[in-house]
Amino acid sequence: MEELDLLKKAWKKEERSFDQVSEKDIYGMLHQKSSSIVKWILIISIVEFAFWNVIAFLFSDEKYQDKLQSYGIEDFMLVVNVINYVIVVGFIYVFYKNYRSISTLDSTSKLMQSIVSTRRTVQNYIWYNLFIITLTIVISIVMMFSHNPDMISLMNKQVAEGHESVFICFCVVISLLFIAVIIGVFWLFYKLLYGILLKKLFANYKELKKIEL
Amino acid sequence: MSQDLEQSFVKQLKENQNIIHKICRLYTSGEDAHKDLFQEITIQLWKAFPKFRGESKFSTWAYRVALNTAITLYRKSTRSIATSSFDTTNHFIKQEEYNYEEEEQIKLMYQAVYQLNDIEKALVFMYLEDKDYEEISETLGISQVNARVKMNRIKTKLKKILNP
């Protein structure tokens, strides 16, 4: 294509025309902060890990422990907690490993893959947490029905009046709605957050994949 | 030691700064955006510098980091390019023999290249820099055959933009 060769000629000439940056300018730049997406992913991820751990911490107050004891599932919850922490530490380890593997010296395709998989770790962590929340809500409801005296008397009243199945359906629907709203809000939030941050990267990643098809 | 490292980096970067300027030229429009991307590339090069062992030339090494920064790490959008920014294409011709038709053609070519996406620009950039398909394929992480096919498609695309 002769136009492209013409451009090549012009391109080479243009090299002389850039405003040259001095050594002093470069020294100045070295101490500036990067605004790369990798840095943002790191910051957001740390906030996310912290957020979920704070949530877990807030819910594990003494009252909650007493309640578990009265339900008789303290041991069970302890085991669940230990497993949970092992999984969280696992997530953080994988995240750190992925993050460290991001290198600007890799090929563009490999670099994008590392970034995407770093982000995916955090995304999986969030889904895992939402799953745990759902599970906790379900267990709480079941426990409430079988252990909470107020609930039991209410239930007995419903049974006496013959509304048992309607009442159970009502409780299940309310809980499901509650879970759906929580998951929906988080899904939307992350869609927006990462959608804005990684829009360009995903577009380029897709383009690169298309070439390889 | 770290001061030596910094000094050596700054010196080499200064000598090779046109690589970065050229990438900024293709991926940004306007002086501010140019400076912004230049700075981000400098930071990324500096971060990667401890891993530069002098096995390859500084320039070869810098190409990859700089392109990766422009395509992957840099967040600001490069899509909205105002037509007025193309005026900058004029300045280098003036010192040479004035060839109005050629100048016009180059200007149109630049405009066409600006319409390409980031990956296509990277291929054009390396083509303009006389890189062979082996290096293009290694830099982008695609096969040589596919790099060649893509380059041909880009040429067709550019032709179509120039002669709609």
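Me: Which residues of H2(B) and H3(B) meet?
Reply: Ile20(B), Ile23(B), Cys24(B) and Tyr27(B) of H2(B) meet His34(B), Leu37(B), Phe38(B) and Ile41(B) of H3(B). Two residues are in contact if their C-beta atoms, placed from the backbone, lie within 7 Å. This contact comprises seven nonpolar residues, one polar and no charged. Ala, Val, Leu, Ile, Met, Phe, Trp, Tyr, Cys and Pro count as nonpolar, Asp, Glu, Lys and Arg as charged, and the others, Gly among them, as polar. The model is a predicted one, in which local features need pLDDT of at least 70, side-chain atom pairs count only at pLDDT 80 or more, and totals for chains, interfaces and linings use all residues. Residues are numbered from 1 along each chain as its sequence is written, while chains are lettered from A and ligands numbered from 1 in the order in which they are written.

Me: Why are H2(B) and H3(B) called oblique to each other?
Reply: Helix H2 (residues 17-27) and helix H3 (residues 31-48) of chain B pack at an angle of about 130 degrees, with axes 9 Å apart. Angles under 35 degrees count as roughly parallel, over 145 as roughly antiparallel, 65 to 115 as roughly perpendicular and the rest as oblique. H2(B) and H3(B) are therefore oblique.

Me: What makes H6(A) and H8(A) roughly antiparallel?
Reply: Helix H6 (residues 108-147) and helix H8 (residues 164-212) of chain A pack at about 175 degrees, their axes 11 Å apart. By the same cut-offs, H6(A) and H8(A) are therefore roughly antiparallel. Their contact has 20 nonpolar residues, six polar and one charged.

Me: How does the radius of gyration of chain A compare with that of a compact globule?
Reply: For 213 residues, a compact globule would have a radius of gyration near 17 Å, but chain A has 27 Å. The radius is taken over C-alpha atoms, and the globule rule is 2.2 Å times the number of residues to the power 0.38. The C-alpha trace of chain A spans about 95 × 40 × 25 Å along its principal axes.

Me: What share of chain A counts as buried?
Reply: The share is 14% of the 213 residues of chain A. A residue is buried if 20 or more other C-beta atoms lie within 10 Å of its own, exposed if 12 or fewer, and partly exposed in between.

Key:
Axes fitted to C-alpha atoms, helices over the stretch in contact; angles between N-to-C directions. Helix = DSSP H or I, 4+ residues; strand = E, 2+ residues; numbered from the N terminus.
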